[in-house]
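User: Could you show me how to read aromatic ring pairs in a model? I would like the general idea and then the case at hand.

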Amino acid sequence: MKPFQLRPLARDGRRQDVRFYRREAGERVAVKLVEALHKARQERQHNPAIGSPTLGHTLGIAGLRTWRIDGFPLSFWYFERETHIDVARLVGQRQDALQIEIAPA
């Protein structure tokens, strides 16, 4: 099992999304998001290679994988490193992938 490390933009995105769902949909939905994020995290720690490489190929970003968050229009964008899972961003599916920056690790 590899540790899951959130970059600052991923951490900020997670915090903002939880706040948004709490404000717009209520505490119960925000809690469901937190649970879905936790589940996705555990799944990636045990099997990081099953995330989709399609977006990484499309954008020309070597090693970038994505994983959708169950029940929410969000995805983790991450890289599998030798010692950990490097989560670059938590991205809303309506965001324009060509406009999202991914800083080098």
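Analyst: Let's start with burial: buried means under 20% relative accessible area, exposed means over 50%, and partly exposed lies in between (1.4 Å probe, protein chains only). Phe-72 is buried, at a relative accessible area of 9%. This is a predicted model, where local features need pLDDT of at least 70, side-chain atom pairs count only at pLDDT 80 or more, and totals for chains, interfaces and linings use all residues. Residues are numbered from 1 along each chain as its sequence is written, and side-chain values use heavy atoms, leaving out hydrogens and water.

User: How is a pair of aromatic rings described?

Analyst: By the distance of the centres and the angle of the planes. Rings of Phe, Tyr and Trp (its six-membered ring) pair if their centres lie within 6.5 Å; planes under 30 degrees apart count as stacked, over 60 as edge-to-face and the rest as tilted. The structure holds three aromatic pairs. In one of them, Phe-20 and Tyr-21 sit edge-to-face, 5.3 Å centre to centre with 85° between the planes.

User: Is Tyr-21 buried or exposed?

Analyst: Tyr-21 is buried, with a relative accessible area of 14%, whereas Phe-20 is partly exposed at 38%.

User: Why is the pair of Tyr-21 and Phe-72 edge-to-face?

Analyst: Because their planes are at 85°, with the ring centres 5.1 Å apart. Ring pairs link Phe-20, Tyr-21 and Phe-72 into a cluster.
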